[in-house]
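Please look through the following protein model slowly, keeping the sequence and the three-dimensional view side by side. The explanation below takes up a few places in turn.

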Amino acid sequence: MHYPRRAHTKKQKTSLEKIHKKISRLVYDWDIDDVLEKKNSVGRDDITKFLSNANKSRTYVIHTPPIDFRKVQHHSRTFSLLYRLIGRSPDLLHPHDPTINQTLHDIQSNLYPFLKTSLTEITEKSHGRGIVMAAGEWHFTIALHAILSLRHILNCNLPIEVYYNGPNDLSIVHRDTLLQIENVKVIDVTGLFDFKGSRLVGWGIKPFAILASSFEEVLFMDADVLFLQQPDTLFKSAKYRQTNALFFHDRLIDAGKSQQHIWVKSFLRNPSTAAQMSAFWKYKTSHEQDSGVIVVNKRRSITELLTVCLLNYGNVGRATYKNVHGDKETFWIGWEINLAPYAFMPGYGGAIGYPHEVKFGARVDDGTETGDGERMTGNNSTTSNNSKIGRYVCGGLYHTDEQGRPLWWNGGVLVNKYADQRKFLQFTHTAIQDPNNESLYLERARWEWETDETPFCFRPSQPEVEIRELEDSKKTLARNFVKLWMKVTHCVVVFLMSQQIDEANYDVPWAPVLKKAFINNYDKKSIAEFPIAIQLASVTNQGLPKIQPVTFYDFKDEDQRILIFTAATRNADLMAVVKYSQSHQLYWQLPKSKETFTFTGRMYIVAAPTMSHRFGTPPRRIALGMDKSISADDYWEELRLKAWKSLSPAYRATFTWPAPNEKMTPAVRESWSVYRNPIIKAPPPTIETGYSYTKLEALEDHAKIITSPTLSRFTTNLSNKSSPLQRSFSVGTPLDSRLPTSVGMKSTLPTKLEKEEELRSIHNSALDNFSLLVFKCSNVEHFVPGNLIPARTTYSTDKNGFWTTEELTP
């Protein structure tokens, strides 16, 4: 990656860095008079040079790509030191520059345009200690469980503030539910900052939530964090009291020089001693920090927090995320940029859960399953004839306190929070790497990544001493967390219904207008032959505008705010836009009347169950009228299968086609379907075979794949003309009864069983590829062209979910 050239000469840069170092000694030393008496303390010339460079930061363009992180560092550091100098010893500066306060204000406005108020107001309004969390719609149940765990299991009475990212991020019902818990506030972070149209990515909300909180001392925790001690013990930590900022290490993974190292070292040229001694700086890991828990004194770390916010904001944030995974590294980097002290809790991330014997060494490559079901490690791969048995601990990411005692873990109580919500972990053992044993770790420690069925697993370098059994009291605590989760997930719907405003009675005034226009512009025959394409506008992860067509499927009668669309999961561009954008906009022009509807809201993906770990599932309460007796996963999957069966055979066949935007070359690939063990693997949807199907009938028993043990039963069924197998010979209508020999299939006419297997495999592949897009509207604009004066009407929701209608000039 190319990094911009330095603006200063090497000599000038060294001089400025020395001045910054001197001033940092002044502002971070509690006894200023003592510092001033020392040799090499800040002198008149140093102050003059510092102020001269500070004036340059007033107007320097920092937010326009390409982002120069050396400049980000220089100007952030200048602002931080200047702010602290004015606060600590103003008499040093005013004789040199009477307008120094205006200089500080100008730099702040230039660097941090998202601030609506001064830092003085922020710090003066910050008092006491408290817990800060960030939660959106998907995190609601997890966050509710974490808060109730603090209140009812740990008896923690610290005030809690939950922040969400705009009105579409967390529903009114869920906000009201959290507010029912004692001493809990729920706050929209977008109302406290001016993001100037820049989209705040999910990770980026963390530093803004800390900065916006009403607490002086903040303990930030992810929604899936569970504590094994009282959280407020962290405020008593010696490391925290010494530095006012306490962080936790991530796992020691991905050793060797990486893009993260190249990026960080491109602008952190003179790191602190702590950074130089870290495993990250020595290339022993590519991930230094786990930001699941952060403890900071906001008053004493206000400028460092601003720098972290900057690293997660707008164009600077997008440039940051190209080099590191989300927000987690931006905290210690923000402190390093400002030459501010910070501390990490000793030790690296480990595992808490259950002990497990995992076979490794036979053939270690990609984390797949062997024939007998033993999971193979995907890290530090080797090939050996001598298989070994290594002791692992499988579960959540685990952290200890300064004495090495169990403190907290993240990941919650589920085996995989993205998959089955009813599979729980057992918490009996822990495994953690000895921080003094890094070299041995690199040789012998191993990590296994999670799957749909299993959590991640960790084998320390010395399992005989580094795997420990939890105390009985901690086991009981963990079991209580699991029991509480079961109560929360079983009772949450009843709890919500008892607390919510009756949204079912809300009037949705635009819904009948849209349905009337729909009836006037479309007939059933045309819809069946030509699916309705509507334009989806959004923003990509790179901040670029993106417009893509989505196919309208149906209205949702139980909840008139909901529109349902269909899409192909293979369409990676569309899936990425829907998954990562917090807000979406749809543009629908009706063909006859030419009137248009513009919908603003949030779109969710309902993919095949095997894909839910990638795309998640819409929250249970995204739509009203759900059957409360079944899980959200089952509810949406039932709706997806119902939609699949209602499609026309011609439109259903399009889901057998290749992914869009691929080169028109006859490449041979393995079968795309996630359904396993077909007798005959039908050719994948390539350019040669993918367009062979112009019609595809729905199979009732779509998930039943014929495998060898059941071959005789299906062979018998072939003689029964009423059997699903016999009927399903009409599943597809290929253009050619023979498969092309160029893709490796037999040139002879397939047998009936082989053809059945081929069609079933194609059908299942298409069904895997089929997904629903569930769109929840928050604002609608209706434009009707006219011979004289067009009509424009807007419909919008207030904070209580009620719709208002307003007539506007066209």
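What follows is a walk from a sulfur link to aromatic rings, then to charges over rings and a loop residue.

This is a predicted model, in which local features need pLDDT of at least 70 and side-chain atom pairs count only at pLDDT 80 or more, while totals for chains, interfaces and linings use all residues. Residues are numbered from 1 along each chain as its sequence is written, and side-chain values use heavy atoms, with hydrogens and water left out.

A disulfide is a covalent bond between the sulfur atoms of two cysteines. Counting a pair of cysteine sulfur atoms within 2.5 Å as a disulfide, the structure has one disulfide. Its partners are Cys-394 and Cys-457, whose sulfur atoms are 1.9 Å apart, and with 105 degrees about the S-S bond the link of Cys-394 and Cys-457 is right-handed. Cys-394 belongs to strand β10 (residues 388-400) and Cys-457 to strand β14 (residues 456-459), so the pair ties together parts that are 63 residues apart in sequence; strands (E, at least two residues) and helices (H or I, at least four) are DSSP runs, numbered from the N terminus. Both Cys-394 and Cys-457 are buried, where buried means under 20% relative accessible area, exposed over 50%, and partly exposed in between (1.4 Å probe, protein chains only).

A pair of aromatic rings is described by the distance of the centres and the angle of the planes. Rings of Phe, Tyr and Trp (its six-membered ring) pair if their centres lie within 6.5 Å, with planes under 30 degrees apart counted as stacked, over 60 as edge-to-face and the rest as tilted. The structure holds 43 aromatic pairs, among them the edge-to-face pair of Phe-552 and Phe-565, with 5.7 Å from centre to centre and 75 degrees between the planes. This pair links distant parts of the chain, with Phe-552 in strand β17 (residues 545-555) and Phe-565 in strand β18 (residues 562-568). Phe-552 is buried at 7% relative accessibility, and Phe-565 is buried at 0%.

Charges can also be found over rings, which here requires NZ of Lys or CZ of Arg within 6 Å of the ring centre and within 35 degrees of the ring normal. Arg-251 lies over the face of Phe-456, at 5.0 Å from the ring centre, and the charged end of Lys-515 sits over the ring of Phe-555, 5.6 Å from its centre.

Finally, Asn-312 is found in the loop between α13 (302-311) and α14 (314-321), and Asn-312 is buried, with a relative accessible area of 3%.
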